[in-house]
Amino acid sequence: MIEAWTAAGRGLAVELPESAVLDAFNHVKVVDPATGEEGAIELEVLRYWRATGIGQHRIGAYARVAVHDPRIVKTAAWLFGGLYIGLQLPLTANAQTVWDWTGSLAGPARPGSWGGHAVDVVRYDRNGLTVVTWGRLQELTWSFWDRYCDEAYCILSDDFLETGHAPNGFDLEALEADLALVTA
């Protein structure tokens, strides 16, 4: 997300060193005692990113996005320069060029049969979304999203809000003023 935000906000993408990402992961990882597999809980990642930062890049805030309302998903992705999401990947996705629902949720199509996976939404259109996963872009259909996305977060980051305004015109000062009206 940092790379996408800095490319959009500054015109020059900042690519974090792998060591910075692995260091952050080592602070939040959990190990499944049954399998030995390592992973992380998205909210723990977000808390760490906000409090400590990843590669000297800290986020200001984050909020959960309703995954079952495509209008909200699209709006949040556009406003905040992407979304940090969790997918319960089915084994069927392993062999697909475009991740798509096969028409079943059983057997190898069962949510989570390939494991949980956190990715960054960087693009969407009427056919689906594009995420960054394992260092590459991956397309998925809205049908896949509806069945396998179980959490999504929008993130406020100075990397995207260069000088208080995002490339799309999002105005952080206006948001803070609006929040003050409803939280006072």
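What percentage of the 184 residues of the protein count as buried? In this predicted model, the share that counts as buried is 37%. The fold is built from six helices and eight strands, and a search of the whole structure finds zero disulfides.

**Fold and dimensions**
- The protein is as compact as a globular protein of its length, because its radius of gyration of 17 Å is close to the 16 Å that the globule rule gives for 184 residues.
- The C-alpha trace spans about 50 × 35 × 35 Å along the principal axes of the protein.
- Among contacts between residues at least 6 apart in sequence, 58% join residues at least 24 apart.

**Cysteines**
- A disulfide needs two cysteine sulfur atoms within 2.5 Å.
- For C149, the closest cysteine sulfur is that of C154, which at 13 Å is too far for a bond.
- C154 is likewise in no disulfide, with the sulfur of C149 as its nearest cysteine sulfur.
- C149 is buried, with a relative accessible area of 5%.
- C154 is also buried, and its relative accessible area is 10%; the cut-off for buried is under 20%.

Terms used
Residues numbered from 1 in each chain as written. Predicted model: local features only at pLDDT ≥ 70, side-chain atom pairs only at ≥ 80, totals over all residues. Heavy atoms only, no water. Helix = DSSP H or I, 4+ residues; strand = E, 2+ residues; numbered from the N terminus. Rg over C-alpha atoms; globule rule 2.2 N^0.38 Å. Buried < 20%, exposed > 50% of the residue type's maximum accessible area, 1.4 Å probe, protein only. Contact = heavy atoms within 4.5 Å.
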